Amino acid sequence: QGHLQSHLHTRRHCSLFDVSHMLQTRVYGRDRVRFMESLVVGDIAELKPGQGTLTLLTNDKGGITDDLIVTNTSEDHLYVVSNAGCADKDLAILRGRAEELQATGSDVHLEVSDNALLALQGPSMARVLQEGLSDDLAKLSFMNSINTTVFGVPGCRVTRCGYTGEDGVEISVPAGRAVELAERLLGVPDVWLAGLAARDSLRLEAGLCLYGNDIDETTTPVEAGLLWTLGKRRRTAMDFPGAPFIMAQVKEKPRRKRVGLTSVGPPIRPHMAILDPEGRPVAPNCGHGRGGWCCQPLLTCPCPHVLGTVTSGCPSPSLGKNIAMGYVEAAHSRAGTKLTVEVRKKQHPALITKMPFVPTHYYTAK
């Protein structure tokens, strides 16, 4: 089906996404937790068997190198899922750090998985998947995972998570049987195959970041509104990459913040300028205007009217209006603030709006 139909079907029923492009890594060894905590901001040591968390790889300046999910499996390893676009970069970091620790006698080693990854997302996911499981899905909470057999395919890791804001799972399945499992799931009339365009609009409605758009190596967890990913113990110890920069921002407050935006009229797209309510892209005669745009880097132009830039945006199929994310000066980041966005050299009203734009339905076991 098309993008709009796939998006709405996921919200109302259930869709299957092939996300096998994601990087899946297993981390083994008695020092695996210490290894992972030397690279990310999360408290990996506190994870219970089968429990996972979203965390961030950070650099020495506090920028976000990637966002990834780390699960403490019930077996003998950590299971890590990270972004395909960062695969080479992430692997170089992981392998480099593993070699450093191994050289000092630490016990840690990596294994890159060749499994496929299928995401089943939507309110009818549990009913569809339960038919193929002996395990009780009602006992599997959001961000928890089990190793099980799915519709006769053994060796699958089922994690209750996803990128749509709906109740869902991601199934890591041996590559040789991925088509078999996908066809079995798609044999259920309620399940449609959906593409990455729908995945993108669904994640934006849920207020979730896309790496490379909404977060990158120039963005800190504090600016991005991802401070909750920093474990309490880790904040005190300040033992993660970029800790001095990140904790200084926690104390002093960031100069810019990630915000949600809504508007009517033409869609808001990435890289569009966010302006003051008067809609003036540059101050008169400031010398930095070029075709109605500011040619200076984000938030460095001396012009007082350029407040930030859009990082993600699209028409919301669920809401029937435009939604977007972007970064603005902290003084203009309060929900309800009226601003302006420049679309094709014309100014249109926009409103700072709390995220998620559409309520999320993550499952918590009773």
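The largest pocket is lined by 43 residues, and Leu 54, Asp 67, Tyr 163, Leu 208 and Cys 209 are the ones nearest its centre. The model is predicted: local features need pLDDT of at least 70 and side-chain atom pairs pLDDT 80 or more, whereas totals for chains, interfaces and linings use all residues. Residues are numbered from 1 along each chain as its sequence is written, and side-chain values use heavy atoms, without hydrogens and water.

## Exercise 1. The largest pocket

Describe the largest pocket by its volume, by the elements that supply its lining and by the classes of its lining residues.

**Solution.** 

Step 1. The space in the largest pocket is about 1000 Å³. A pocket is an open set of points on a 1 Å grid over the protein atoms alone, with protein on both sides within 12 Å along at least five of seven lines; a cavity is a set where a 1.4 Å probe fits but cannot get out, and lining residues have an atom within 4 Å of a point. A volume is the space filled by probe spheres set on the points, which are joined across faces, edges and corners.

Step 2. At least two lining residues come from each of strands E3 (51-58), E4 (64-72), E5 (77-82), E12 (256-263) and E19 (346-353), and likewise from helix H6 (196-205). Helices (H or I, at least four residues) and strands (E, at least two) are DSSP runs numbered from the N terminus.

Step 3. The lining of the largest pocket divides into 26 nonpolar, 11 polar and 6 charged residues. Asp, Glu, Lys and Arg count as charged; Ala, Val, Leu, Ile, Met, Phe, Trp, Tyr, Cys and Pro as nonpolar; the others, Gly among them, as polar.

## Exercise 2. Helix H6

Explain why H6 is described as largely enclosed, and state what covers its buried residues.

**Solution.** 

Step 1. H6 is largely enclosed by the rest of the structure because 7 of its 10 residues are buried (under 20% relative accessible area with a 1.4 Å probe, protein chains only; exposed is over 50%, partly exposed in between).

Step 2. The buried residues of H6 are Ala 198, Arg 199, Ser 201, Leu 202, Arg 203, Leu 204 and Glu 205.

Step 3. Their cover includes helix H1 (3-12), the strands E1 and E10, and also strands E16 (306-315) and E17 (322-329).

Step 4. Just after H6 comes Gly 207, with a positive phi of about 75°.

## Exercise 3. Strand E1 and its partners

Determine in which sense E1 pairs with E11 and with E7.

**Solution.** 

Step 1. E1 covers residues 14-18, of which 4 of 5 are buried.

Step 2. Over 4 bridges, E1 pairs with strand E11 (residues 191-194) in the parallel sense; two strands pair if DSSP finds at least two bridges between them. Trp 192 in E11 stands opposite Ser 15.

Step 3. With strand E7 (residues 116-121), E1 pairs in the antiparallel sense over 4 bridges. Here Phe 17 has Ala 119 in E7 as its bridge partner.

## Exercise 4. Glu 170 and the largest cavity

Find which residues line the largest cavity, and describe the setting of Glu 170.

**Solution.** 

Step 1. The structure holds 3 cavities of 30 Å³ or more, and the volume of the largest cavity is about 40 Å³.

Step 2. The largest cavity is lined by Ile 69, Tyr 79, Val 81, Leu 117, Thr 159, Cys 161 and Glu 170. By class, 5 of these lining residues are nonpolar, 1 is polar and 1 is charged.

Step 3. Glu 170 lies in strand E10 (residues 168-173). Glu 170 is buried because its relative accessible area is 11%.

Step 4. The contacts of Glu 170 (heavy atoms within 4.5 Å) include Leu 117, Thr 159, Cys 161 and Arg 199.

Step 5. An unreviewed UniProt entry places the feature "binding site" at Glu 170; UniProt positions are given in the numbering used here, feature names are shortened, and annotations may be inferred rather than shown by experiment.

Notes. Lists of a residue's contacts leave out its neighbours within four places in sequence.
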